[in-house]
Amino acid sequence: MDENSNSHMPKNLGAAREAKDESDVLIECRNVRKSFGEKQILKGVSFKIRHGEAVGIIGPSGTGKSTILKIMAGLLAPDEGEVLICGRERHGLVDDEEISGLRIGLVFQSAALFDSLTVRENVGFLLYENSKMAKDQIAKLVTETLAAVGLKDVEDRLPSELSGGMKKRVALARSIIFDNTKEAIEPEVLLYDEPTAGLDPIASTVVEDLIRSVYIKGDDSPGNITSYVVVTHQHSTIRRAVDRLLFLHEGKIVWEGMTHEFATSTNPIVRQFASGSLDGPIRY
Ligand SMILES: Nc1ncnc2c1ncn2[C@@H]1O[C@H](COP(=O)(O)OP(=O)(O)OP(=O)(O)O)[C@@H](O)[C@H]1O
């Protein structure tokens, strides 16, 4: 939105709009910095994820895309800066403090399934561990959730008996399953770390459409996924699965815009990344 678009409005109207604008911010990173040893990876990263958004984080390898996802999920603490969840600052890691009102799910690149557990046990893991639901109730819910990601009759299989694309779908099912005996279902932001890495083009399309569909379905979807963030290198995923992009380079957001603006941007960093050229500001 144009920065000055409020300038012609009466002051109080502008203020009301500003307040409303902030009320749909689910996750905000403010000036987040993170180093590993001597290596400074994030050098002051700021952005907001709003209700209803499908956001992609792109950028060269090693610029800290997975790191920022882990920080948003509360698995890593920033060295400096703030992470706000629904306007409340989160201190430390997610385990240290109960932040209610928003669930944040992270779907790992490797799918990260437990090898010795069946698909049913993997998908229902948190419910078996933490909920008061009966085992047959959980089993039914697992079957329904697997169906929502297009999988049937795989509950008794081990992860080693699945293809890479199926594993990613099982991981997706695990992140969207929720205790449906609870009265209030909190909204959820899902964070995907390279969900289509290593998949053939058709399997990638299936996963990209699933990412969209579990969110678009809204009331029908298992869980209440209101927004999602995808870290990806795949152009097809950028085009198909997200609406807005954040470009991370050398520890900072160097460009942000809508997906359709990415292809026509004149920013030299974006141009080089979009074309895969060796000439340009990004050096390996
Ligand atoms: N726990 C850790 N300890 C030490 N170094 C780490 C740790 N996690 C990440 N790094 C380093 O931080 C840098 C950024 O890693 P990160 O995985 O966030 O990058 P990325 O942008 O997601 O990369 P890629 O696109 O290749 O997946 C890398 O140099 C990585 O080696």
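Reader: Two strands pair if DSSP finds at least two bridges between them, so which residue in E5 stands opposite Leu84?
Author: In this model, which is predicted, the residue of E5 that stands opposite Leu84 is Glu89.

Reader: And in what sense do E4 and E5 pair, and over how many bridges?
Author: Strand E4, residues 80-85, and E5 are antiparallel to one another and pair over two bridges.

Reader: What order do the strands take in the sheet with E4 and E5?
Author: The sheet is open and consists of four strands, which run in the order E2-E1-E4-E5 with antiparallel pairing. Its edge strands are E2 and E5 (88-89), and each of these pairs on one side only.

Reader: OK, on to the sheet with E3 in it; what is its strand order?
Author: That sheet is also described as open, with six strands in the order E6-E7-E8-E3-E9-E10 and mixed pairing. Strand E6 (103-107) and strand E10 (252-258) are at the edges, and because each has a single partner strand, one side of each is left without a neighbour in the sheet. From one strand to the next, the twist averages 20°.

Reader: How do E3 and E8 pair, parallel or antiparallel?
Author: Strand E3 (residues 54-58) and strand E8 (residues 225-231) are parallel, and four bridges link them; within that pairing, Val55 has Val229 in E8 as its bridge partner.

Reader: Which helices pack on that sheet?
Author: Helix H6 (residues 164-176) does, touching E6, strand E7 (188-193) and E8, and its direction makes about 155° with that of E7. Helix H10 (residues 268-275) packs on the sheet as well, where it touches E3, strand E9 (244-249) and E10, with a direction at about 100° to that of E9.

Reader: Changing topic, how many residues surround the ligand?
Author: There are 13 residues around the ligand, and the closest are Gly62, Lys65, Ser66, Thr67 and His233. By type, the shell divides into three nonpolar, seven polar and three charged residues.

Reader: Which element gives the largest share of that shell?
Author: Helix H2 does, with three residues; both strand E2 (39-50) and helix H2 (65-73) supply at least two residues of the shell.

Reader: What are the distances from ligand oxygen atoms to Ser61, Gly62 and Lys65?
Author: For Ser61, an N or O atom in the side chain is 3.3 Å from an oxygen atom of the ligand, while for Gly62 a backbone N or O atom lies 2.9 Å from a ligand oxygen atom. For Lys65, an N or O atom in the side chain is 2.7 Å from an oxygen atom of the ligand. The ligand taken alone exposes 640 Å², and the protein buries 60% of that area.

Key:
Residues numbered from 1 in each chain as written. Predicted model: local features only at pLDDT ≥ 70, side-chain atom pairs only at ≥ 80, totals over all residues. Heavy atoms only, no water. Near = heavy atom within 4 Å. Polar contact = N/O pair within 3.5 Å; in protein donor to acceptor, adjacent residues only side chain to side chain. Areas by Shrake-Rupley, 256 points an atom, 1.4 Å probe, with all protein chains shown as cover. Nonpolar A, V, L, I, M, F, W, Y, C, P; charged D, E, K, R; others polar. Pairing = 2+ DSSP bridges. Axes fitted to C-alpha atoms, helices over the stretch in contact; angles between N-to-C directions. Contact = heavy atoms within 4.5 Å.
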